[in-house]
Amino acid sequence: MGICKPYFRLNPLVCMKTFCEYLKSVGVDDELFAILGSLKDATKRIADHIVTADRGKAGSMNIFGEEQLELDVLSDKIIQEECGENPYVGLLASEELPDEIKISDGEYGVCYDPLDGSSLVDVNLAVGSIFGIYKTGSFIGVKGTDMIAAMASVYGPRTTITLTIGDGVAEFVRCEDGDFKLQNDSIKVGEGKMFAPGNLRACAYRDDYMKLTEYWIREEYVLRYSGGMVPDVNQILLKGKGIFSYPGYEKAPDGKLRLLFECAPLSFIMEQAGGASTDGKVRILEKEVESLDQRTPIYIGSKEEVNRCEEYLA
Ligand code: AHG
Ligand code: MN
Ligand code: MN
């Protein structure tokens, strides 16, 4: 087992706990242990490919009519391979696939955005993968509250995993031996003046979103927005404060971000860290998935900030 260097500002004993050791220590059952292990292995492989793989276009479109990059397709393939070898995963749904696919008789379903923010790879900004795990035979009709676990992998200067199994949030960092080590087993989100205002173009159409944004500016919030939802939300989790917003507007009433693949899993993680998440009226985790490509506005982060969004946008 590798030794964590001092730059991991950790109690060395905590630091030595690997991803798998952590899962054992919190008593996850064998099935979930295996599934999360597969997603961790996929994360490693995707991280390695991002460093060297072709950054170009794949020449195809996803179900959202968005142009796929080679890396979108490759990341999707890696997750399909890792889950395909796992007997407990029976169902997959991906932002890059036209429909959900039954791959075995396993009882669990994994839905995922294989590479969130993929267009940021060529400018060398951080990107991520998002995973939601349900015990279900179809994702149609599920709600975020049905989720058993959610995981977000961040590919930045370091590769990290943020995980909830419904009992708090833990963060893991990939160490020099290639394995993921526990960095923090109780991520907490409180209050603080940091904002990541997505879809600011909506201000050209919506006075309420303009007023909300003005509030953040006048109150001297610090701006932290990268254009990648995973690193932007992950920053709120790790700094322990802030708000990420992505409203709808005339041209896209429900915004851009996808309920099943992006918003629900990140909302599960945020709530488990003590934060909150809403579409402006309804808690994201209580929204039923009616179609795989369903979008939703989202305001996610510190509880008071999420309440403020609901008040301003009522
Ligand atoms: P994806 O790359 O999976 O399609 O998602 C990108 C998302 C998200 O990461 C980000 O918050 C949002 O797109 C930004 O969109 P715009 O810059 O187009 O508003
Ligand atoms: Mn995405
Ligand atoms: Mn994506």
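This is a predicted model: local features need pLDDT of at least 70, side-chain atom pairs count only at pLDDT 80 or more; totals for chains, interfaces and linings use all residues.
1. Domain 1 covers residues 12-184, and domain 2 covers residues 194-312. Their centres, taken over C-alpha atoms, are separated by 22 Å.

2. The extent of this interface can also be expressed as an area. The size of an interface is often given as the accessible area lost when the parts come together. For domain 1 and domain 2, the area buried between them is about 2,800 Å². Carbon and sulfur atoms account for 69% of that area.

3. Polar links between the domains deserve a separate point. Between domain 1 and domain 2 there are 11 residue pairs in polar contact, counted with both residues at pLDDT 80 or more.

4. Which charged side chains pair in the model? Side chains of opposite charge can pair when their charged atoms come close. Two salt bridges are counted between domain 1 and domain 2. The side chains of Glu95 and Arg258 form a salt bridge, at 3.4 Å from N to O.

5. Over the whole structure, the search finds 19 salt bridges. One salt bridge joins the side chains of Asp179 and Lys40, with an N to O distance of 3.9 Å. This pair links distant parts of the chain, since Asp179 and Lys40 are 139 residues apart. Asp179 is in the loop between E9 and strand E10 (180-184), whereas Lys40 belongs to helix H3 (residues 30-52).

6. The chain has a mean pLDDT of 94, and 95% of its residues reach 70 or more. Confidence is highest in helix H7 (residues 259-272), at a mean of 99, and lowest in helix H1 (residues 12-15), at 52. Residues 1-8 have a pLDDT below 50, and this stretch makes 20 contacts in the model beyond near neighbours in sequence.

Key:
Residues are numbered from 1 along each chain as its sequence is written. Chains are lettered from A and ligands numbered from 1 in the order in which they are written. Side-chain values use heavy atoms; hydrogens and water are left out. pLDDT is the predictor's confidence in each residue, from 0 to 100. Helices (H or I, at least four residues) and strands (E, at least two) are DSSP runs, numbered from the N terminus. Contact means heavy atoms within 4.5 Å. Domain bounds come from an automatic or database domain assignment. Buried area is the accessible area (1.4 Å probe) that two parts lose on being put together, summed over both. A salt bridge is a side-chain nitrogen of Lys or Arg within 4 Å of a carboxyl oxygen of Asp or Glu. A polar contact is a pair of N or O atoms within 3.5 Å; within protein, one must be able to donate a hydrogen and the other to accept it, and residues adjacent in sequence count only if both atoms are side-chain atoms.
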